[in-house]
Amino acid sequence: MTHTWSITGAAQDFGRPEAVVDNAGHANSGLTGQAADEDRPNGADVDSSRLFDGVAHRRQPTVPIPRRSGSPLRDYVLHSLPTALDDLSNGNLTHHQLADFQEQMLRDITPRCLSEDDEGTARLLQLDLLFLLNGYAPAGPQAAPLALTGLVSAQCGRFPALDPHLSYELLIDVNCEEYRRSGDVRVFSAGRDAALERDFYLGHHLSEPWARSAAYGLRSLLLPAAAARPAAVLDDVAESLVEFTRYMARYRRLSQQAFNRFRPYHMGHPGGPRGASGAFMPSVHLLELALLPPSEEYGIFLDQSMSYFPSWSRPVIARWRGDSVRGANVHQRLRDGRLVLDRADRDRLVRVIDRFVDFRMAHLGVTRHALPEAFRDRTGLTRRGIREQGGEHGVLDGRDPGTSGFSVRHVLTNAVYRLLALRADLAHPGSAPANQ
């Protein structure tokens, strides 16, 4: 069964009541299996099958084109910045020349920026300002004009909820929501690579609701209504994960050359914030927390990542993490006997885990292709090799960091290891490592 759907605001999707699990692990309000079903993606206004086809197709609006972005930097960031960055790369422009031009431009528009009180416009302006700032990422933040860093700080002071760095929420959610609304999408790349970069962002935004649907489905099994009909819930979860993995597989179409044209602008810098990375897609972590309790190493990752997840998801992740530690997860409920699955439904749960492993392995494969320098040692990267690695490895290992600043190899292989350990424990109870 194939679903098509529109890009929707994640904050709106999380606006409904959800399950609240108390310290004893009892659900006392909110999420039901029906509510989880309502979270499933639906509708269509972006043709997701065309991701990474390299065509600079525009979104076809189904309603009259709405008012354009109120950001005074819109035209410059959409039309001039990619060309300027291309000129920098080709040696036709220096960072000093770019900074001089932007300094004057920003001084001219600062009064207008500081007079705007609309929060939606402020989010788009912050996205534009941080696109300008990250244009200096290869040279270091000291190359950026003072008017730019000053305006970023001023906007954060006026709107405390704004991220002061180019975050996943701004780059993916705000950027793609604006694309849906108006057809405008911010990219760093010029020419044909611009469409590929756009699809890199859209792919994340299009795929996440499938992971969110799976996460809420699994969490609903902690409630009596859904636990009484686990087969339907688990089948829906497995289907959502198949769709989620299908989106990830599309990233194989993105060439390493095209990826490396815009990835430098996502990176952090020593002593600064972490880069804008898919590691901070929140629903993948909700899915794992609904399935099993966090291990010690995964807890380190979550601690270090919390301020980089989209703002709407931080309290949700914190709450689900606390609940999962206290036993409110599918694995612990099975162990305690509070979730009862017959043989057929246990097989369904194993299929869910297998589909989650499929996604994790697809992500590992795509990342290996995009960042071969982080996987110079190709051993131990198969399911069998990861299963036999004997435990999780340090995500703060400074070698071969990904865009997020964590060890990309260890983040990805640890995630597979935890799922494979869980699968083994379902087949042979008690076989999971102690940290599971």
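Guide: Helices here are DSSP runs of H or I with at least four residues, and strands are runs of E with at least two, numbered from the N terminus. The model is predicted.

Visitor: How many helices and how many strands does the secondary structure of the chain come to?
Guide: A helix needs at least four residues and a strand at least two. By that count, the chain comes to 18 helices and 0 strands.

Visitor: What share of the residues of the chain count as buried?
Guide: Buried means under 20% relative accessible area. The chain has 436 residues. The share that counts as buried is 57%.

Visitor: Of the contacts with a separation of 6 or more, what share do residues 24 or more positions apart account for?
Guide: A contact means heavy atoms within 4.5 Å. Among contacts with a separation of 6 or more, the share from residues 24 or more positions apart is 78%.

Visitor: At roughly what angle do the axes of helix α3 and helix α5 cross?
Guide: Two packed helices are described by the angle and the distance between their axes. Helix α3 covers residues 74-89, and helix α5 covers residues 119-134. Their axes come within 9 Å. They cross at roughly 35°.

Visitor: Which residues of α3 and α5 make the contact?
Guide: By class, the contact has 5 nonpolar, no polar and 2 charged residues. From α3 come R74, Y76, V77 and L81. From α5 come D128, F131 and L132.

Visitor: Where is F188, the residue that forms an aromatic pair with F131?
Guide: The F131 and F188 rings are 4.1 Å apart, centre to centre, with 10° between the planes. That pair counts as stacked. Both F131 and F188 are buried. F131 sits in helix α5, and 57 residues away F188 lies in the loop between α7 (168-182) and α8 (193-220).

Visitor: Why is the pair of F200 and Y201 edge-to-face?
Guide: Planes over 60 degrees apart count as edge-to-face. The ring centres of F200 and Y201 are 6.0 Å apart. Their planes stand at 75°, so the pair is edge-to-face.

Visitor: Are F200 and Y201 buried or exposed?
Guide: The cut-off for buried is under 20% relative accessible area. F200 has 14%, and Y201 has 0%. F200 is therefore buried, and Y201 is likewise buried.

Visitor: Which residues form one aromatic cluster with F200 and Y201?
Guide: The structure holds 16 aromatic pairs. One cluster takes in F200 and Y201.

Visitor: What is the phi of F52 near?
Guide: F52 lies in the loop between α2 (33-38) and α3. F52 is buried at 6% relative accessibility. Most residues other than glycine have a negative phi. The phi of F52 is positive, near 65°.

Visitor: Leaving aside its neighbours within four places in sequence, which residues is N175 in contact with?
Guide: N175 is in helix α7. Its relative accessible area is 0%, so N175 is buried. Beyond those near neighbours, N175 is in contact with L127, F131, L170, D184, V185, R186 and Y201.

Visitor: What distance separates the C-alpha atoms of G135 and H95?
Guide: G135 is in the loop between α5 and α6 (146-158), and it is buried at 3% relative accessible area. Leaving aside neighbours within four places, its contacts are L85, H95, F188 and Y265. G135 and H95 are 40 residues apart along the chain, yet their C-alpha atoms are separated by 9.3 Å.

Visitor: How many disulfides does a search of the whole structure find?
Guide: A disulfide is a covalent bond between the sulfur atoms of two cysteines. C113 is buried at 1% relative accessibility, and C156 is buried at 17%. In the whole structure, the number of disulfides found is 0.

Note on methods. Residues numbered from 1 in each chain as written. Predicted model: local features only at pLDDT ≥ 70, side-chain atom pairs only at ≥ 80, totals over all residues. Heavy atoms only, no water. Axes fitted to C-alpha atoms, helices over the stretch in contact; angles between N-to-C directions. Nonpolar A, V, L, I, M, F, W, Y, C, P; charged D, E, K, R; others polar. Disulfide = S-S within 2.5 Å. Buried < 20%, exposed > 50% of the residue type's maximum accessible area, 1.4 Å probe, protein only. Phe/Tyr/Trp six-rings, centres within 6.5 Å; stacked < 30°, edge-to-face > 60°.
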